[in-house]
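Subject: Structure handover

Hello,

Here is the structure for your files. My notes follow below it.

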Amino acid sequence: MIFKRVIVFLLFINFVFDKISAQNLPTPNRLRCDLLLHTDATSIAGLYTKLKIAEIKNPLGKYDYAKIITTNPVFYWESDTTCKKQSACRILVASSKNFLESNKADLWDSKKLIQTRSQSTYNGKILETGKVYFWKVQYWNENDQSSFFSKTSSFIVSPSDATEPFSHHSLQADLQLAEKILRKKDGSYFLDFGKAAFAQLKFTLTSLVTDSIWIEAAEALESPQTILRNSGNIRYSKQGLRVKKGTHQYTLTWPTNVKRNSRNPILMPDAIGEVFPFRYLSILNFKGTIDKNNITRKMIYYPFDDQASHFHSSDSVLNQVWDLCKYSIKATSFSGYYVDGDRERVPYEADALINQLSHYAVDAEFSMARRSMAFLLFHPTWPTEWSLQNVLLAWNDYLYTGNDAFLKMYYTELQKKILIPLAAKNGLISTTAKKQEDDFLESIHMMKDFDGKHGLKDIVDWPQKGSFIGDEKEYGGETDGFVYTDYNSVVNAFYYRTLLLMQKIALVLNKEADANSYQLKANELYQSFQRVFRNEKTGLIKDGDTTQHSSLHANMFALCFGLVQDQDREKVINFIKTRKMACSVYGTQFLLDALYDAGEDAYALSLMTATTQRSWYNMIRFGSTISMEAWDKLYKPNLDLNHAWGAAPANIIVRKLMGIEPISPGGDTIQIKPQPGNLGFATLTTTTLKGKVKVHFKRTASKDSYEMTIPGSVSANILLPIASSKSMVWMDGKKQIVKPLNGFVVFNNVKAGKHNWQIQ
């Protein structure tokens with residue numbers, strides 16, 4: 001009896017101590033296990049249930065849930081903005097929720113870990129697959145004040161899978177009703193769901209007779225209330241459905257796409273089933289009455305937080321472009337991988353790079369990128385530059401997550417993707433001047449594709465060829481008349497960038513000898529690039545080693561990757577401006593990156609807000625609600641309307657226009673460098689692993705105002721554009737002594753919380 005009283009007393013003292021020591025610091029929130037949110041949620045066929053994984057007797061049965069594919073998961077959390085800098089944390093992991101209720105742990109009690117990062121790797125007793133585990137966390141701030149413990153979260157360790165090395169979510173579904181329904185004069189029904197989605201269809205129909213009806217599904221319209229049929233790869237489907245007299249439920253089954261399946265696409269999981277992209281429906285020959293409640297569209301996508309980001313500005317076109325591109329990232333996530341659209345459903349490295357950066361910008365989600373990256377290492381595509389982009393993808397993953405798991409697991413594979421065996425004595429690489437031997441191709445997992453081709457080929461941009469020119473285009477295709485030679489300046493610009501990044505990756509993994517080697521190769525390549533590709537007369541970058549032609553692509557990639565000499569920057573930038581949008585939707589990722597990094601924010605903004613045929617607004621005008629594969633059918637007759645590689649503004653608006661980028665791995669330190677162009681105002685919310693970053697600015701003739709919210713335990717380097725060294729600057733109401741640098745006033749190491757600036 002006395003023993004029990006002692007235990008109760010000790011628990012009470014522990015509870016009181018926790019209350020006192022917390023000193024009202026808010027609890028950690030948005031807990032992640034191995035980068036995944038909501039790991040305790042369950043679903044069936046994509047639809048969430050009310051049950052948590054701990055409430056299910058057999059979690060490995062019919063339910064889907066987050067797949068934690070490791071016995072040493074990494075835990076993440078967000079702290080409140082009152083925490084300027086985390087100084088320590090404590091994590092409890094238990095086999096039962098009951099332990100955690102009394103702040104006990106039978107598997108791992110990390111005790112007070114002295115660390116500034118709000119993430120930590122599990123280091124307790126061995127976890128078993130198929131079992132539910134519980135965890136919670138508390139943190140200490142810079143003043144050694146502790147928070148309360150977080151709410152308890154749970155997860156299941158899933159069996160290892162050689163094809164799925166990283167933790168990931170199961171697909172999610174939303175049930176949607178049509179926004180509009182119309183009965184036409186011919187008796188058919190027309191339905192509009194507002195936006196296209198990869199989806200399935202369910203019906204509850206009351207028919208007067210037993211008969212067959214026809215159902216048409218499509219992405220686009222030929223004219224108002226008339227579906228577009230048989231227009232290349234713009235999706236259209238017509239199927240029959242046998243309906244019985246009376247009220248019954250029906251599910252439409254999409255037919256197998258034999259041509260696509262012959263090209264080894266990403267297949268939909270059996271638990272979900274096949275999907276088809278459509279916005280519009282037409283129902284013919286139905287004898288009865290239909291309202292919008294009778295038909296349900298089941299949209300399939302990778303879990304997506306619509307509230308994770310928001311953008312609005314003084315430019316209505318830019319707002320529409322943002323909405324288009326943000327939704328594109330959600331809608332095209334239907335397979336759980338970054339694929340190139342519905343025509344092939346194949347991951348491509350270039351698509352994945354734009355997907356990755358845009359996904360990070362509009363929703364703090366990192367597991368889908370990792371799945372795609374791991375897949376692409378062993379299922380490469382044929383363009384030379386896209387092999388090199390594997391390294392860009394890997395570095396972005398580390399920079400945004402602060403987690404080196406991918407780098408450690410695939411370092412040797414990334415080394416192969418640099419293509420060093422294709423280098424000549426001067427350091428430049430070529431796919432034609434030096435034979436691509438079979439052992440080299442096997443080392444990068446390059447096999448014959450579905451067209452029987454074998455080996456890498458330089459791409460520059462896509463499509464390379466095309467006959468249509470017109471008022472907005474000087475050359476056919478999307479390469480601005482690029483002249484292909486043995487040694488290609490675009491390929492070698494990418495090669496230079498990968499060498500620099502591999503040097504950084506090697507340092508992260510403590511491989512100093514490799515890092516030195518990559519740095520030496522990059523230095524050698526830089527010098528060779530200048531000798532071979534720089535036009536001494538014009539200062540421009542030539543397409544190749546045996547041509548004098550200079551294209552937009554040769555110059556924008558060189559500018560983007562730091563290969564333009566200071567003395568030539570103005571000439572190169574002026575030349576780039578003369579070429580306008582002479583690249584594909586893919587190329588704009590690098591064009592806009594280069595322009596913003598060069599301080600050409602007004603011109604970059606003019607490209608994103610253009611209403612010409614070669615613009616994002618043209619996609620909207622065309623009628624697409626997901627970014628398109630090309631600017632218009634004129635430039636790519638077989639384009640599709642569901643291609644996320646056309647969604648570059650989703651990340652450009654966040655990373656460059658509003659200027660929010662991680663500086664240190666995991667975003668412990670970020671940069672905020674707004675480049676407003678001619679915008680009068682703009683407001684943005686984007687979510688990082690640390691929490692939400694908010695930036696708002698308003699500019700008038702007499703004053704510029706900025707408001708920013710920095711997440712807890714994050715510091716920011718703020719760079720604000722300033723018109724004159726004589727301008728007066730106030731920060732949080734206090735006048736500042738400033739020395740502008742390159743047109744910006746700089747505030748380093750700004751701590752978490754809400755801050756404001758006035759410049760006049």
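This is a predicted model: local features need pLDDT of at least 70, side-chain atom pairs count only at pLDDT 80 or more; totals for chains, interfaces and linings use all residues.

Residues are numbered from 1 along each chain as its sequence is written, and side-chain values use heavy atoms, with hydrogens and water left out.

The second largest pocket has a volume of about 680 Å³. A pocket here is an open set of points on a 1 Å grid over the protein atoms alone, where a 1.4 Å probe fits, with protein on both sides within 12 Å along at least five of seven lines. Its volume is the space filled by probe spheres set on the points. Lining residues, those with an atom within 4 Å of a point, number 23 for this pocket, and R497, D597, R655, K656 and E661 lie nearest its centre. Among the elements that give two or more residues to this lining are α5 (349–362) and α17 (649–657); α7 gives the most, with five. Helices are DSSP runs (H or I, at least four residues), numbered from the N terminus.

α5 and α17 also pack against each other, at an angle of about 55° and with their axes 8 Å apart. Axes are lines fitted to C-alpha atoms over the stretch in contact, and angles run from 0 to 180 degrees between N-to-C directions. The contact (heavy atoms within 4.5 Å) involves I354, L357, S358, A361 and V362 of α5 and A650, N651, V654 and R655 of α17.

Regards
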